[in-house]
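I opened this notebook to record what I looked up in one protein chain.

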Amino acid sequence: MTYMEAIYLDYNATSPIAPEVYHAMIPYLTTDYGNPSNSYTLGYHAKKAITNAREKVAALIGSQSDEILFTGCGSESNNMVIKGVAYTYKNKGTHIISTKIEHPSVLEPLRYLEKNGYEVSYVGVDFSGRVNPEDIRKLLRPDTILVSVMHSNNEVGTLQPIKEIGTLCKKSDILFHCDALQSIGKVPLDVKELNVDFLTITGHKLYAPKGIGALYMRQGIIIESLIHGASQENSYRAGTENVPHIVALGRAAELAQELLQTSHLKDIKDYFFSKLIGISGDNIHLNGDYENSLPNTLNISFIGKVGSEILTGVPQINASTGSACHSGSKTISPVLAAMGVNPDIALGAIRFSVGKYTTKEDINKAINYLEKYIREKKMSMKKIGLDV
């Protein structure tokens, strides 16, 4: 089997580059290769391309273009906010609030800060993976300098009450960071409506290349830079800009606007879930909240089985047992553990995530492979005298 024969159902891990995005990049890899900091024609073309891309990303999230900073990836964006706020506002306080289900690119910077004198309070979630804003409110203190809550969980897809949490932070004059790496392009986002001060974006979940990200930082906020040097990105990120990838992210943001006008992701998700129920019935368990979640994400536990073993037994399906950062592990996902999912059920979890290129034909093929695996597994267990 070649990778071209595989059915790709792991869009939450990464997305392919859209053809329109690829073609938008080409001129800046070939003819328009100038340094944006130079004033001659090639440099001017590159600088103008960055300005245009900034406007397109801003339009996707309802911000002003000068509130968008380009970074190298989502992890850098998250680190830039968390460490930048910590270093800048240390005189005000050293207390930060986050959740137990954040991505490692949020949790690891927080753990680093904890080793260096900061205090972090981690809020739990309910069985659907949702944070209760009241739990955040109870933890707010005079020395709290930042609250960081993801917009949607990368494993189960549950959407968080960001607007409500943002309102609490605004009333208390506390900065609010939202990791939207998984949500961008899948659900509408408006930073003003959400009451966020920072919102992080990555390109490779959005049909742009790996190695490009962005950070929304509300106008008027000043934080310490993560990378020091020259004055690129309003002096917040030194280094010659990655023009081809920035252009790619801008074009991807345009395409995302178009995808958001359709119901394709939700239609495919609904179709897939109905087919899974058809072949497994009561032998599957949905992890998360089906309706209050990303329109492309299904985290399904196959009861009595191990998720990683299923994926090994069905190599035609490209999916994950959880976050791509922990995929393939036979341990229970920390996210599912935080949700209180029974360990035996959690062990059977697989995260399926569809995308703009997923078709019903792809789903039908995946279902056939899964059904065949389940049927053969039952037969082999019967041969050795085990009840199934």
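The entries below begin with the basis of the values.

Basis. I worked from a predicted model, in which local features need pLDDT of at least 70 and side-chain atom pairs count only at pLDDT 80 or more, while totals for chains, interfaces and linings use all residues. Residues are numbered from 1 along each chain as its sequence is written, and side-chain values use heavy atoms, with hydrogens and water left out.

Overall form. I found 13 helices and twelve strands in the protein chain; these are DSSP runs (H or I, at least four residues; E, at least two), numbered from the N terminus. I noted a C-alpha trace spanning about 75 × 55 × 35 Å along its principal axes.

Burial. I recorded 54% of the 388 residues as buried, that is, under 20% relative accessible area (1.4 Å probe, protein chains only).

Strand E5. I looked up residues 144–148: five of the five are buried, so strand E5 is largely enclosed by the rest of the structure.

Partners of E5. I found E5 paired in the parallel sense with strand E3 (residues 95–99) over three bridges; pairing requires at least two bridges found by DSSP. Ile97 stands opposite Val147 in E5. E5 also pairs in the parallel sense with strand E6 (residues 175–179), over three bridges. There, His177 in E6 is the bridge partner of Ser148.

Note on methods:
Buried means under 20% relative accessible area, exposed over 50%, partly exposed in between (1.4 Å probe, protein chains only).
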